[in-house]
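The sequence and the model are shown first.

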Amino acid sequence: MKNSKKICLVVVCCVLFFFKNNIQAQQFSEIQINAKIDSVLSLLTLEEKVAMCHAQSKFSTPGVGRLGIPEVWMSDGPHGVRGEINWDDWGYAGWTNDYITAFPALTCLAATFNPSIAKAYGISVGEEAKYREKDVLLGPGVNIYRTPLNGRNFEYMGEDPFLASTMVVPYIKGVQQNGVAACVKHYALNNQELWRDHISVEVSERALYEIYLPAFKAAVQQGHVWSIMGAYNQFRGQHTTHNEMLMNKILKEDWAFDGVVISDWGSTHNTKEAALYGLDMEMGTGTDGLTTSTQNAYDFYYLANPFLKMLKEGTIEEAVVDDKVRRILRLMYRTNMSNNSSFGRINNQEHLDVARKIAGEGIVLLKNKNSFFPINPNKEITIAIIGENATKSLTVGGGSSELKAKNEISPLEGLKNRYKNATIIHAKGYASGPSQYDRVVEPTDDLENLKKEAIEVASKADVVLFFGGLNKNHLQDCEGGDRQSFGLPFGQDELIDEILKVNANTGVILVSGNAVEMPWVDNVSAVMQTWYLGSEAGNAMADVISGDVNPSGKLPFSFPKKLTDNAAHSFGEMSYPGDSITQYYKEGILVGYRWHETKKIKPLFAFGEGLSYTNFEISNIGTAKKTYSKDEEIVVSATVSNTGNFDGLEVVQIYVGKSKSKVERALKELKGFKKIMVKKGESETVEISINVNDLAFYDETISDWNLEKGGYVIYVGNASNNISKEIKISIQ
Ligand code: BGC
């Protein structure tokens with residue numbers, strides 16, 4: 001045997017030995033942990049056990065001092081570690097050591113279509129949580145984007161279950177490698193904010209399993225998430241936080257979740273259900289049953305004195321509380337009682353660099369007439385920057401995901417930094433008015449004056465960049481309410497029209513976590529979707545605008561032309577928002593692009609769509625064979641050629657459809673994707689594997705997945721509506 005072969009063999013043996021031992025070590029430590037849990041459990045009094053199952057302050061649960069068991073401390077999530085909140089009210093504690101890095105919103109992360117960047121996100125935000133001595137980070141969120149009006153879409157990962165599943169797993173692993181638990185939320189069906197505390201969702205079992213649950217399942221089974229948050233709403237008339245089917249049957253039995261179910265803050269409503277239907281830790285309950293309470297009302301929680309009473313009376317067996325405490329102790333052995341001695345890091349340059357990279361990769365270029373972007377940073381031109389979002393802080397507001405960022409570079413600052421040779425002129429243009437989140441109350445703007453000023457500024461410039469979109473105020477991209485219209489707020493549409501009259505060389509940069517209507521889209525030169533980008537927002541935008549970074553983001557949800565083109569809205573009020581008691585997800589599995597593609601309703605911009613400064617061609621598309629059976633991998637290969645003038649990243653996307661089926665099918669569904677770098681003038685080959693089993697549909701007649709035999713179509717392209725080749729295969 002040649003020496004090189006011998007070396008290879010030794011390396012392979014070592015790797016196998018390492019993996020085998022590592023798995024054995026993990027199993028061993030699980031056994032050890034379980035033994036420790038049993039011994040601790042035997043030392044606890046009933047009162048101590050019950051105390052561990054509910055809050056002692058807004059964001060902590062008590063430990064057991066006499067046994068050295070620490071408290072559990074939590075913080076929001078998901079875009080950074082939230083500022084410190086008071087012990088017993090929602091005010092900020094006013095600390096000076098809780099400034100953090102604000103990472104881009106999860107919509108932006110999803111738009112990167114890059115799981116390795118999700119890992120970097122998780123590691124960095126986990127390090128910050130560790131530094132802030134948090135044991136649980138309340139995120140990420142993976143509720144599916146069903147309507148563009150949902151005020152919380154910006155905290156989630158888009159409309160596709162495969163994309164959300166692929167992105168959530170590395171985020172969780174990254175967070176948890178720091179000894180900090182991720183808490184995936186909001187389980188489940190919290191797809192709107194309006195009436196979120198009580199609306200009861202009626203959805204087909206098929207849509208539940210195929211659309212709304214997969215990302216949670218991936219979080220549990222692939223991400224091994226250590227905690228999960230119950231949602232506010234009801235499912236089939238029972239609150240999701242203590243829902244027999246969602247918690248007991250699906251999460252704990254079918255998926256074998258071994259972590260802690262934490263309630264949302266004020267989502268618990270009933271002691272017996274909370275005890276028996278899966279809730280382990282109750283947080284945020286008010287004496288009004290929701291969020292308002294008299295001071296330090298923790299003993300009144302459903303899983304506090306009322307629970308203790310039922311345990312003492314024997315109405316509920318002690319085994320019930322033992323199971324909850326076992327899970328809580330397991331979480332603690334993984335976090336604050338683990339051997340992980342890392343200290344964490346905060347606000348360091350590496351975290352800012354990660355935030356900037358994610359932001360740069362997530363920005364989506366939607367329109368770019370005559371190569372409007374990139375704008376050469378060395379030219380001596382006059383650039384007008386117009387719009388409130390060019391200067392407004394967008395890390396504050398939005399509800400619980402609000403952040404206290406150490407830095408927040410605004411777009412105006414970012415562009416001024418990069419465009420040293422240009423003359424930058426600026427006008428606010430419109431104003432959203434005061435909000436509950438404003439730290440400084442500014443004098444009310446004269447809207448007519450703002451508009452006049454903006455038009456004057458626009459008329460003097462060589463190029464206009466309009467920074468608009470939504471913001472984090474109530475009824476915009478914000479928890480606790482939904483948007484009230486699909487159009488841009490604060491008179492922006494009219495303002496854009498007026499600007500175009502004096503300067504046609506205008507590009508629109510939208511900052512939002514939701515799709516918006518764009519009546520002016522044909523008249524502007526360019527549109528860029530930039531999300532909420534956090535600490536490095538302005539720098540990341542300048543990176544892409546200047547061409548330092550070639551855009552490679554792809555839309556994680558569809559932009560319909562009008563609201564009724566969206567599936568949920570096309571079925572009228574009982575589908576969205578419901579009648580305040582119940583709502584019916586009448587579109588079933590046809591959410592987002594599944595609806596647009598199947599019903600042939602063209603969106604304004606499609607799921608998976610996003611331009612680059614270069615051109616890509618996808619060719620040589622094929623599969624090794626055409627017939628497959630159960631458990632096999634379908635390997636799709638393709639060559640991506642960069643035929644333009646910039647190096648760039650492209651996302652090859654694989655969708656699969658089945659025309660003849662015993663049930664209604666979406667024309668196509670995302671089943672695989674890969675992002676690759678291709679240098680200008682070069683080509684790269686990608687291979688993407690799809691497991692045949694993942695083509696099954698959820699069959700309600702057998703309450704299980706059903707892999708249908710027969711013909712399937714594989715669509716390969718770079719957007720849901722831009723397919724380079726269709727390949728027919730069959731499953732035997
Ligand atoms: C939100 C959760 C959040 C919790 C704690 C709730 O209002 O729905 O996402 O983690 O508050 O702030």
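## Aromatic contacts and ligand site

Across the whole structure, a search finds 27 aromatic pairs. The model examined here is a predicted one.

One of these pairs joins Tyr145 and Phe557: the ring centres are 4.0 Å apart and the planes meet at 10 degrees, so the pair is stacked, the limit for that class being under 30 degrees. The two residues belong to distant parts of the chain, 412 residues apart. Tyr145 lies in the loop between strand E3 (136-138) and helix H5 (161-176), while Phe557 lies in the loop between helix H16 (537-546) and helix H17 (567-570). Tyr145 has a relative accessibility of 3% and therefore counts as buried, the limit being under 20%. Phe557 is likewise buried, with a relative accessible area of 0%.

A tilted aromatic pair is formed by Tyr298 and Tyr301, with 5.4 Å from centre to centre and 50 degrees between the planes. Both Tyr298 and Tyr301 are buried.

Arg146 is placed over the face of Tyr585, 3.8 Å from the ring centre. The ring of Tyr532 has the charged end of Lys472 over it, at 4.6 Å from its centre.

Turning to the domains, the assignment for the chain gives domain 1 as 1-74 + 270-337, domain 2 as 352-598 and domain 3 as 616-731. Taken over C-alpha atoms, the centres of domain 1 and domain 2 are separated by 42 Å.

Which of the 14 residues around the ligand come nearest? They are Asp76, Arg152, His186, Asp264 and Glu479.

| Residue | Distance from a ligand oxygen atom |
|---|---|
| Asp76 side chain | 2.5 Å |
| Arg82 side chain | 3.3 Å |
| Asp264 side chain | 2.6 Å |

On its own, the ligand has 310 Å² of accessible area, and the protein covers 96% of this. Asp76 and Asp264, each listed in the table, are also among the residues that come nearest to the ligand.

Conventions
Residues are numbered from 1 along each chain as its sequence is written. This is a predicted model: local features need pLDDT of at least 70, side-chain atom pairs count only at pLDDT 80 or more; totals for chains, interfaces and linings use all residues. Side-chain values use heavy atoms; hydrogens and water are left out. Rings of Phe, Tyr and Trp (its six-membered ring) pair if their centres lie within 6.5 Å; planes under 30 degrees apart count as stacked, over 60 as edge-to-face and the rest as tilted. Helices (H or I, at least four residues) and strands (E, at least two) are DSSP runs, numbered from the N terminus. Buried means under 20% relative accessible area, exposed over 50%, partly exposed in between (1.4 Å probe, protein chains only). A charge sits over a ring if NZ of Lys or CZ of Arg is within 6 Å of the ring centre and within 35 degrees of the ring normal. Domain bounds come from an automatic or database domain assignment. A residue is near a molecule or strand if one of its heavy atoms lies within 4 Å of it. A polar contact is a pair of N or O atoms within 3.5 Å; within protein, one must be able to donate a hydrogen and the other to accept it, and residues adjacent in sequence count only if both atoms are side-chain atoms. Accessible areas come from the Shrake-Rupley method with a 1.4 Å probe; for residues, only the protein chains shown count as cover.
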